[in-house]
Amino acid sequence: MPFGRRRNRIERSLRERGVPPEPQHREREVEETTGPWDSADAPDDGVPRVDLGAIRLPGLPGTDLRVELNQQQKVIGATLRSGDSLLMVSAFAAPRAGGIWDAVREDLAKSASGQGGSLREVEGPFGPELAGTIVTLPPAQPGQPAPTQPVRRAARFIGVDGPRWFLRGLITGPAAESAEAAAVLESAFSDIVVVRGAEPMPVREQLPLTLPPQAAAQLARRQEAGRAAATRPPSAQPPAG
């Protein structure tokens, strides 16, 4: 006897005797995801993260965070340092359907080639990525003037397409050539949480970054002190030397 017909007879018999049918439990299919994370799927993993607005960077032991400000004191970039290696991260708006990493890789490879570098596509821990060399200014050293002469540096571009966002990482230094040296920065990239927001934005426009509240308050105090010093009468200026 077909199984479905027998089951129908059993259920009809149970209804006639007043026995309620067993509740039907249906397993919800949830697609397993890994980092980097969308804010809607961010794990409750206890990892402390620095809130920079559109991205939340993990504070891993042995790493330092540096943010770049433009002349209007707006945050335009965030970089994690691990030893002599750097990870520069940026998040961009992306379309609802499909990602932009494929096209971005092509553009990056052409741009690097035009500037004297060379990037090739390889398979990395986050999927396709670019590896090779780029020509860029070396990072400034503490207490030293900013370098002005571009040099050729080993580099990796890693990227992940998310829901309406794209996250890009540029790894330079020893981590661009050594898997062992890259482990910390790759782990940090994987733990990033992207906060896309609901505002419509052009595709490839960088998602806005902000300073953490404490750092923003310190910057505001310095700016206020600078404005007060600039408007102070000459007689009130402290003597030189």
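Colleague: In this predicted model, in which order do the 4 strands of the open sheet stand, and what is the pairing?

Modeller: As a general idea, strands of a sheet pair through backbone hydrogen bonds, and they do so either parallel or antiparallel. Here the order in the open sheet is β1-β11-β3-β2, and the pairing is mixed. The edges are taken by β1 (37–38) and β2 (49–51), each of which has a single partner strand, so one side of each is left without a neighbour in the sheet.

Colleague: How many bridges join β2 to β3, and which residue is the bridge partner of V50?

Modeller: The two strands run antiparallel and are joined by 3 bridges, with β3 comprising residues 55–58; the bridge partner of V50 is L57, in β3.

Colleague: Turning to helix α2, what span should its 14 residues have?

Modeller: At 1.5 Å a residue, helix α2 (residues 101–114) should span 20 Å, and its end C-alpha atoms are 20 Å apart, which agrees. The helix is followed by G116, whose phi is positive, near 95°.

Colleague: Which residues of α2 are buried, and which are exposed on the other side?

Modeller: The buried residues are W101, V104, R105, L108 and A112. They cover an arc of only 100° around the axis, which puts them on the same side of α2. On the other side of the helix, D102, K110, S113 and G114 are exposed.

Colleague: What covers the buried residues of α2?

Modeller: The cover includes β7, together with β8 (127–136), β9 (151–162) and β10 (165–172).

Colleague: With which residues is V122 in contact, leaving aside its neighbours within four places in sequence?

Modeller: Those contacts are with G127, P128, E129 and A131. As for separation, V122 and R156 lie 34 residues apart in sequence, while their C-alpha atoms are 9.8 Å apart in space.

Definitions and conventions: Residues are numbered from 1 along each chain as its sequence is written. This is a predicted model: local features need pLDDT of at least 70, side-chain atom pairs count only at pLDDT 80 or more; totals for chains, interfaces and linings use all residues. Side-chain values use heavy atoms; hydrogens and water are left out. Two strands pair if DSSP finds at least two bridges between them. Contact means heavy atoms within 4.5 Å. The expected span of a helix is 1.5 Å times one less than its number of residues. Buried means under 20% relative accessible area, exposed over 50%, partly exposed in between (1.4 Å probe, protein chains only). The arc is that of the directions from the helix axis to the C-beta atoms.
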